[in-house]
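Please examine the sequence and the structure shown below before reading the report.

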Amino acid sequence: MSQSYAPASLRTLFPAPWPAIWVWIYLTNIVLGLIEPNSTILMLIRISGIFLCLIYAIRQFSKDHLLHLALLTTSIADVFLAANNTATIGIFAFLITQIIHLVRLDGSQRARTPFLILCTIGALTLIGNFYFQNIQIIYVICGFYLAVILMNIYFSYQWHLHSPKNPHAFMALSGFILFLCCDICTAISYLALNNLFAAFFYVPANYLAWLFYYPSQILISNSTKCDKIIPKGS
């Protein structure tokens with residue numbers, strides 16, 4: 001049975017001045033992304049915006065250390081990818097991020113068995129690649145990453161079904177869906193860069209990726225499981 005939660009005001013969920021900061025950064029992404037997509041200023045604003053999501057989560061949800069850790073690894077990944085958006089170490093850092101989110105979302109540990117199977121397959125793939133050199137390591141990491149983010153979407157969806165009035169559950173589900181949309185755009189830009197897609201797709205895919213990515217991080221930074229929401233009638 002789903003729990004019933006008293007509705008929280010937007011001011012309670014998003015205290016000032018954070019909404020104004022998020023809107024300013026997002027609008028800057030939209031405008032500068034069109035005018036100066038390779039601007040150093042734009043890159044610094046983007047990285048700062050992601051780091052501010054970490055600061056926000058630490059201030060608002062001081063007990064949710066797993067959320068803090070996931071947002072920290074996100075910030076680290078963005079530093080590496082700012083210089084090279086196909087850097088293997090940056091993509092690996094994002095994989096670690098998704099694993100941390102999986103741990104915090106999967107309170108009942110239902111993901112343990114499929115995740116162990118996934119790790120076993122990945123380990124065998126890496127061993128095979130070590131001997132035969134037939135698969136690029138970036139594709140192995142991306143395969144892991146896709147599996148884990150899909151699991152995060154699934155568990156966020158289950159959380160939202162169980163607690164449909166809980167805004168944090170809704171923001172988790174919305175955030176991970178937007179995160180996946182960003183990743184799809186990133187994959188398209190990578191394939192275009194390597195001539196597997198038409199080169200035309202590279203610039204618009206990169207632009208759209210950030211339009212999905214920043215809202216996803218704002219939503220995920222509000223997806224805590226440590227915040228107490230008082231049920232109706234209590």
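The model is predicted: local features need pLDDT of at least 70, side-chain atom pairs count only at pLDDT 80 or more, and totals for chains, interfaces and linings use all residues. Residues are numbered from 1 along each chain as its sequence is written, and side-chain values use heavy atoms, without hydrogens and water.

Most peptide bonds are trans. The bond from Ala16 to Pro17, however, is cis, with omega near 5 degrees. Pro17 lies in the loop between α1 (10–13) and α2 (18–35). Helices here are DSSP runs (H or I, at least four residues), numbered from the N terminus.

The table gives the packing of the two pairs, using axes fitted to C-alpha atoms over the stretch in contact and angles from 0 to 180 degrees between N-to-C directions.

| Pair | Angle | Axis distance |
|---|---|---|
| α2 and α3 (residues 40–60) | about 160 degrees | 10 Å |
| α8 (residues 167–193) and α9 (residues 202–220) | roughly 160 degrees | within 7 Å |

α2 and α3 are therefore roughly antiparallel (an angle over 145 degrees). Residues of α2 in contact (heavy atoms within 4.5 Å) with α3 include Trp18, Ile21 and Trp22. Among their partners in α3 are Ile41, Leu42 and Arg46. The residues of this contact divide into 12 nonpolar (Ala, Val, Leu, Ile, Met, Phe, Trp, Tyr, Cys and Pro), 4 polar (the others, Gly among them) and 2 charged (Asp, Glu, Lys and Arg).

α8 and α9 are likewise roughly antiparallel. Their contact has 19 nonpolar, 7 polar and no charged residues.

Methods: Helix = DSSP H or I, 4+ residues; strand = E, 2+ residues; numbered from the N terminus. Parallel < 35°, antiparallel > 145°, perpendicular 65-115°, else oblique.
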